[in-house]
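Please read them with the structure open.

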Amino acid sequence: MGNDATGPSAPLNPAVENLLKFVNEDLLAGSKEKVAPDTALFDEGRIDSLKILRLIAFLEVRSGKKIPDELIVMDRFRTIETIAKNFPER
Amino acid sequence: MNILNSRASTLPHSDFSISDDGLLSPDAAETRLIHALQSRFREMALAAGAEERQFPTVIAEEILIRSEYFQSFPEFASAVNSPNKKGRYFLSPAVCYHCYQLLMNSVVPEHTLLTCQGRCFRAESANGSHLWEFTMREIVFLGSDGFVRAQCDAWKQRITSWAEQLGLIVKLAPAADPFFVAETRGKKLLQRIKELKYELTAPGLSGTDVPVASFNLHERFFTSRFEVTLTDREPAYSGCAAFGIERWCMALMAQHGVKEALRRVEESDDLR
């Protein structure tokens, strides 16, 4: 598991910040635990089969590109930082 | 025996022909190969310490509903009539569902291994590699997350090594179940991303790769639905390794022919 979201940290890259906001305030709304940019997003059952679809839809709108299934792999989705790096904003 | 042998030699050879409905009637040599494969997988499961169980070929609708089978594969299940007309039954699409039925509402030890072989039925579009009816050997692991992952990894390694020893050209790669309906796309993506399913594939009789084994982590999906817990009352983790016997037979025949395939299976080392 990564760090929690409460520790002091350097200013976030806007793409990471934007994605972090979506995940914590929308995707995981209602969940007590919030994630940090380096939290292993798929541990602890945080993301279920509906949430993954919403996350993909968010990334597709943000990048203006459809994400093929072959690119939906752990190496590209491990943390918010990894996702932001692999699926840049338009 | 002589009478049987002389009679067998006059019977037609099928060359693994599959009917339009995906039904297979192997000839004598192919049947020997199938039985040899069944024996080796059984030996490996028992050597790993699995307790063997035998289950009916049919399964109650209630068990498939609890497993969310119809949500994921609405068109695969084959219904059958039951003698007393009470409840609905289907031909089993996989043997491990019976294990969860067996363990329903129970507390399991942290290192639990079950094994079973059964006839399975999936009404997928029949072609050279999708049989409607086939034989599946499964090893089901239940316990802590660490135990289940370790078992899954051990079986991946054991079966890949055995396939290589048999001279099969195989590939082990992450995979996803063939979920069809839109709502289950999320399950498929989650399966891929979390690498919950690996398949071992080998070229079949048509030359294209077909899965011969799968190694699956089910997390707490089945155990929470069947209320299978560990002593701390939390749902156990579970997973399974599954081997499609006829697929192994087809892959071995494609690469070595039936006689050589049988020799290799019978003479292969006992992998533990």
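1. This is a predicted model. Start with helix 2 of chain B, residues 28-47. It has 20 residues, and at 1.5 Å a residue these should span 28 Å. The end C-alpha atoms are 28 Å apart, so expectation and model agree.

2. Which residues of helix 2 of chain B are buried? They are Glu30(B), Leu33(B), Leu37(B), Arg40(B), Phe41(B), Met44(B) and Ala45(B). These residues lie on the same side of helix 2 of chain B, because they cover an arc of only 135° around the axis. An α-helix has 3.6 residues a turn, so residues three or four places apart point the same way. The face turned away from the buried side carries Ser39(B) and Ala47(B), which are exposed.

3. The cover over the buried residues of helix 2 of chain B includes strand 6 (111-121), strand 7 and strand 12 of chain B. It also includes helix 6 (145-165), helix 9 and helix 10 (258-267) of chain B. Just after helix 2 of chain B comes Gly49(B), with a positive phi of about 95°.

4. Now the sheet of chain B. Seven strands form it, in the order 1-6-7-12-10-9-8. The sheet is open and its pairing is mixed. Strand 1 (51-52) and strand 8 (171-174) of chain B are the edge strands, each pairing on one side only.

5. Strand 10 (residues 209-219) and strand 12 (residues 237-244) of chain B run antiparallel, joined by six bridges. Phe215(B) has Ala241(B), in strand 12 of chain B, as its bridge partner. Helix 9 (residues 245-256) of chain B packs on the sheet. Helix 9 touches strand 7 (133-143), strand 9 (197-203), strand 10 and strand 12 of chain B. Its direction makes about 45° with that of strand 12 of chain B.

6. Turn to chain A. Its helix 2 (residues 49-63) has 15 residues and should span 21 Å at 1.5 Å a residue. The end C-alpha atoms are 21 Å apart, which agrees. Ile52(A), Leu55(A), Ile56(A) and Leu59(A) are buried in this helix. Their arc around the axis is only 100°, so they sit on the same side of helix 2 of chain A. Ala57(A) and Val61(A), on the other side, are exposed. Just after the helix, Gly64(A) takes a positive phi of about 75°.

7. What do the buried residues of helix 2 of chain A pack against? Their partners are helix 1 (14-27) of chain A together with helix 7 (185-193) of chain B. The contact between the chains takes nine residues from chain B and eleven residues from chain A. On the chain B side, the residues divide into three nonpolar, one polar and five charged.

Conventions
Residues numbered from 1 in each chain as written. Chains lettered and ligands numbered in written order. Predicted model: local features only at pLDDT ≥ 70, side-chain atom pairs only at ≥ 80, totals over all residues. Pairing = 2+ DSSP bridges. Helix = DSSP H or I, 4+ residues; strand = E, 2+ residues; numbered from the N terminus. Contact = placed C-beta atoms within 7 Å. Axes fitted to C-alpha atoms, helices over the stretch in contact; angles between N-to-C directions. Nonpolar A, V, L, I, M, F, W, Y, C, P; charged D, E, K, R; others polar. Expected span 1.5 Å × (residues − 1). Buried ≥ 20, exposed ≤ 12 C-beta atoms within 10 Å, placed from the backbone. Arc of directions from axis to C-beta.
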